[in-house]
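Hello,

Here is the structure I promised to pass on. Please open it first, then read my notes below.

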Amino acid sequence: MRVVGFTEFGGPEVLGVHEVPERHPGPGEVRIRVRAAAVNPTDTAGRAGWFPDRYRDVEPPYVPGMDAAGVVDEIGEGTESDLRVGEDVMAIVIPSGAHGAYSESLVVPAASVARTPAGTGHDAASTLPMNGLTARLALDRLGLPPGGLLAVTGAAGTLGGYVVQLAKADGLRVIADAKDSDRDLVASLGADEIVERGDDVANRIREIAPGGVDGVVDAAVLNDRVEAAVRDGGGIATVRGFTAETERGIRYHAVLVRDYWLEQAELDRLRQQVEDGALTLRIADAYPIEDGAEAHRRLEAGGTRGRLVIRF
């Protein structure tokens with residue numbers, strides 16, 4: 001089967017199409033004929049060499065990708081699941097070596113798979129699992145009650161946008177950041193207040209919430225630069241593992257999506273929220289597998305709104 005991967009770390013140009021052996025599912029697993037895989041910042045970071053341990057002691061090619069959508073084409077013997085061969089599904093993938101979402105065929109635990117939202121295609125469905133579960137996990141770690149005040153950085157991006165929408169569905173009040181050209185987009189996602197994005201966004205959040213917000217989901221990876229926006233005893237959910245000691249009782253929550261990668265009920269809940277109109281799936285563009293390098297190049301250039309997708 002064909003995969004999009006690399007044999008050495010480097011820029012987008014190291015990505016290419018490779019042939020690897022086909023796999024079959026075992027107990028507790030299903031195989032998906034992949035139609036689309038979303039391109040995420042963690043994919044470009046892995047290709048650039050940020051996570052060398054992920055590829056240690058495994059043979060190349062190394063295949064990125066944490067989001068896939070396609071069709072179930074095989075179910076492992078003894079697997080307990082209500083999924084059926086021929087159904088359209090989406091899956092979250094934890095990449096390791098040649099096992100990543102940028103693959104024609106993918107074997108994953110059944111607990112990592114849910115049906116695609118009704119009325120959506122594979123391209124759109126592939127943008128939901130990893131980012132949607134990360135957003136859900138971040139909000140769960142903060143644990144704010146209905147009526148709580150949340151700030152979201154990077155709100156125009158895929159992860160930040162999901163956070164805004166899920167927070168509103170949870171009954172939270174949301175202050176979100178955006179540059180001028182993204183204000184209408186962020187407003188359409190449901191943000192109650194919008195402030196100018198930037199390294200000093202904490203000051204602008206405090207202008208709206210003088211007492212500080214109850215929590216922040218930091219999708220813009222500003223790390224401790226958002227701390228001043230949070231009230232004493234509040235929380236900050238970070239997405240790149242950042243934590244720090246604080247003097248005001250603020251707690252950092254390093255959100256790692258692998259904590260939810262087997263939470264099928266949460267993935268299926270996201271499906272339902274898409275069908276109910278609470279979540280919006282956004283695609284920026286789609287590329288054939290031969291142009292995987294171009295998809296990475298475009299993502300790294302910045303300014304993409306919605307996910308880029310590789311089609312198989």
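This is a predicted model: local features need pLDDT of at least 70, side-chain atom pairs count only at pLDDT 80 or more; totals for chains, interfaces and linings use all residues.

Start with strand 3, residues 29-39. Of its 11 residues, 8 are buried, so the strand is largely enclosed by the rest of the structure. Buried here means under 20% relative accessible area.

Which strands pair with strand 3? Strand 6 (residues 105-109) does, in the antiparallel sense, over 5 bridges. Look for V30, whose bridge partner in strand 6 is V108. Strand 15 (residues 307-311) is another antiparallel partner, joined to strand 3 by 4 bridges. A36 is bridged to R311 in strand 15.

Now the cores. The largest nonpolar core has 46 residues. Those touching the most other members are L128, L139, L150, V163, V164, V186 and V217. Several elements give two or more residues to this core, among them strand 5 (88-92), helix 4 (158-169) and helix 7 (264-275). The largest share comes from helix 3, with 7 residues.

Leaving aside residues up to four places away in sequence, V163 touches A135, L139, L150, V152 and V217.

There is also a second, separate core. It holds 35 residues, including A68, Y102, A110 and V113.

Best wishes

Terms used:
Residues are numbered from 1 along each chain as its sequence is written. Side-chain values use heavy atoms; hydrogens and water are left out. Buried means under 20% relative accessible area, exposed over 50%, partly exposed in between (1.4 Å probe, protein chains only). Two strands pair if DSSP finds at least two bridges between them. A nonpolar core is a set of buried Ala, Val, Leu, Ile, Met, Phe, Trp, Tyr and Cys residues joined through side-chain atoms within 4.5 Å. Contact means heavy atoms within 4.5 Å.
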